[in-house]
Amino acid sequence: MEAEGIEPNLVMLNLLINAFSTAGRHLEALAVFQHIKDSGMSPDVVTYTTLMKAFMRVKRFEKVLEVYNEMERAGCTPDRKAREMLHDATVTMEQMRCKCFICSCPLAFRGCID
């Protein structure tokens, strides 16, 4: 777009992040996010939430937390959708930790834990 003299705005770039997110291409979504910041634009709640969605899709739950924290540090107020994604990512990470603990617990192999 820029090569043709079209200056992308935040709405266009948010749509691009969403397209990459839907396609499971989180690294490309992250690159667009970085481009937004590098070009002097301020990401909005839609930008951050859409990037969080990209990481949720590829099960990179720790990155969801990082993006949420960056959003707050930037002074952007999280909306209901962002808070729900943060909650879902945290719950999933906790469930994964519990499963890992149970699988690595020697008592689980002796029939003490179902």
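Biologist: Why does Glu 84 count as partly exposed?

Modeller: This is a predicted model, by the way. Glu 84 has a relative accessibility of 39%. Buried means under 20% and exposed means over 50%, so Glu 84 lands in between, as partly exposed.

Biologist: And Arg 80, what makes that one exposed?

Modeller: Its relative accessible area is 55%. The cut-off for exposed is over 50%, so Arg 80 makes it.

Biologist: How do you know that Arg 80 forms a salt bridge with Glu 84?

Modeller: Check the gap: the closest N and O atoms are 2.8 Å apart. The rule asks for a Lys or Arg side-chain nitrogen within 4 Å of a carboxyl oxygen of Asp or Glu, so this pair qualifies. Both residues sit in helix α5 (residues 80-104), 4 residues apart, about one turn of the helix.

Biologist: Why is Lys 63 not called buried, with 21%?

Modeller: Buried needs a value under 20%. Lys 63 has 21%, so it counts as partly exposed.

Biologist: Why do you say that the pair Lys 37 and Glu 70 ties parts together?

Modeller: Their side chains meet in a salt bridge, 2.8 Å from N to O. Lys 37 lies in helix α2 (residues 26-38) and Glu 70 in helix α4 (residues 61-73), so the pair links parts 33 residues apart in sequence. Lys 37 is partly exposed at 31%, and Glu 70 is partly exposed at 23%.

Biologist: How many salt bridges does the rule give?

Modeller: The count is 5. In general, side chains of opposite charge can pair when their charged atoms come close.

Biologist: Now the inside. What makes Met 52 stand out in the largest nonpolar core?

Modeller: That core has 25 residues, and Met 52 and Met 71 are those with the most contacts inside it. Helices α1 (10-22), α2, α3 (45-57), α4 and α5 each supply at least two residues, and α3 gives the most, with 7. Leaving out residues up to four places away in sequence, Met 52 touches several partners, including Val 64, Met 71 and Leu 86.

Methods. Residues are numbered from 1 along each chain as its sequence is written. This is a predicted model: local features need pLDDT of at least 70, side-chain atom pairs count only at pLDDT 80 or more; totals for chains, interfaces and linings use all residues. Side-chain values use heavy atoms; hydrogens and water are left out. Buried means under 20% relative accessible area, exposed over 50%, partly exposed in between (1.4 Å probe, protein chains only). A nonpolar core is a set of buried Ala, Val, Leu, Ile, Met, Phe, Trp, Tyr and Cys residues joined through side-chain atoms within 4.5 Å. Contact means heavy atoms within 4.5 Å.
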